[in-house]
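Me: I would like to go through this model by question and answer, starting from the overall fold and ending at single residues.

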Amino acid sequence: MMDINEILEYLPHRYPFLLVDRVLELEPNKRILALKNVTMNEPFFPGHFPHHPVMPGVLIVEAMAQAAALLSFKSMGVKPDENSVVYFAGIDNVRFKRPVVPGDQLLFDVEILQSKRNIYKYKGVARVGDQIATEAELMCALKTKP
């Protein structure tokens, strides 16, 4: 549905903070299914943790938010420009149920729960295979820099 080149048109993030590799499904105003291939080359693994590499939970939540931003921009039918910024406005009910390690493929299933003007609320689930790794409710605000 979206390869990395199209993702780069919609997200301002770049290495090492671009955390979505591909979009598999996208239903505007409803949901997105995106993926991240987790490799041993990730810059956080040498320090988290050297003898037992685990993807930091905050980065899993960040990746969900990036998938949510893609969903929002595609739903609005606009590409962000250098003045567009998406901020976290809240993160609720986060649960980490399974560690994410090198070699895993994370699937992010994010749905829009509510949208009002430039504020969006989402429900996100990150899975590895059929196992839930992380769940969270995210609230994001789309802003235009002055």
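The questions below concern a predicted model.

Me: In what pattern do the helices and strands follow one another along the sequence?
Reply: The protein has two helices and six strands.

Me: How compact is the protein for its length, going by its radius of gyration?
Reply: The C-alpha trace spans about 45 × 30 × 30 Å along the principal axes. For 146 residues the globule rule gives 15 Å, and the protein is close to that value, so it is as compact as a globular protein of that length, with a radius of gyration of 15 Å.

Me: What share of the residues is buried?
Reply: A residue counts as buried when its relative accessible area is under 20%. Of the 146 residues in the protein, the buried ones make up 43%.

Me: What percentage of the accessible surface belongs to carbon and sulfur atoms?
Reply: The total accessible surface comes to about 8,000 Å². The part that belongs to carbon and sulfur atoms is 52%.

Me: Among contacts with a separation of 6 or more, what percentage joins residues 24 or more positions apart?
Reply: Contact here means heavy atoms within 4.5 Å. Among the contacts with a separation of 6 or more, residues 24 or more positions apart account for 61%.

Me: Which elements give two or more residues to the lining of the largest pocket?
Reply: The largest pocket holds about 280 Å³ of space and is lined by 20 residues. Pro12, His13, Ala69, Val85 and Val86 lie nearest its centre. The elements that give two or more residues to this lining are helix H1 (4-10), helix H2 (57-76) and strand E3 (84-96).

Me: How many residues in the lining of the largest pocket are nonpolar?
Reply: The lining includes four charged residues and three polar ones. The number of nonpolar residues there is 13.

Me: Is Thr134 buried or exposed?
Reply: Thr134 lies in strand E6 (residues 131-144). Beyond its neighbours within four places in sequence, Thr134 is in contact with Ile60, Val61, Met64, Val94, Arg95, Phe96, Gly124, Val125 and Ala126. Its relative accessible area is 0%, and because the cut-off is under 20%, Thr134 counts as buried.

Me: Which residues does Pro56 contact, leaving aside its neighbours within four places in sequence?
Reply: Pro56 is found in the loop between strand E2 (31-37) and H2. With a relative accessible area of 12%, Pro56 is buried. Leaving those sequence neighbours aside, its contacts are Phe44 and His48.

Me: How far apart in space are the C-alpha atoms of Pro99 and Ala133?
Reply: Pro99 lies in the loop between E3 and strand E4 (105-116), and at 46% relative accessibility it counts as partly exposed. Pro99 and Ala133 are 34 residues apart in sequence, and their C-alpha to C-alpha distance is 6.5 Å.

Me: Which residues does Met76 touch, not counting those up to four places away in sequence?
Reply: Met76 is found in helix H2 and is partly exposed, at 34% relative accessibility. Its C-alpha atom is separated by 8.1 Å from that of Pro28, 48 residues apart along the chain. Apart from residues up to four places away, Met76 touches Tyr120 and Leu142.

Terms used
Residues are numbered from 1 along each chain as its sequence is written. This is a predicted model: local features need pLDDT of at least 70, side-chain atom pairs count only at pLDDT 80 or more; totals for chains, interfaces and linings use all residues. Side-chain values use heavy atoms; hydrogens and water are left out. On a 1 Å grid over the protein atoms alone, a cavity is a set of points where a 1.4 Å probe fits but cannot get out, and a pocket is an open set with protein on both sides within 12 Å along at least five of seven lines; lining residues have an atom within 4 Å of a point. Grid points are joined across faces, edges and corners, and a volume is the space filled by probe spheres set on the points. Helices (H or I, at least four residues) and strands (E, at least two) are DSSP runs, numbered from the N terminus. Ala, Val, Leu, Ile, Met, Phe, Trp, Tyr, Cys and Pro count as nonpolar, Asp, Glu, Lys and Arg as charged, and the others, Gly among them, as polar. Buried means under 20% relative accessible area, exposed over 50%, partly exposed in between (1.4 Å probe, protein chains only). The radius of gyration is taken over C-alpha atoms; the globule rule is 2.2 Å times the number of residues to the power 0.38. Accessible areas come from the Shrake-Rupley method with a 1.4 Å probe; for residues, only the protein chains shown count as cover.
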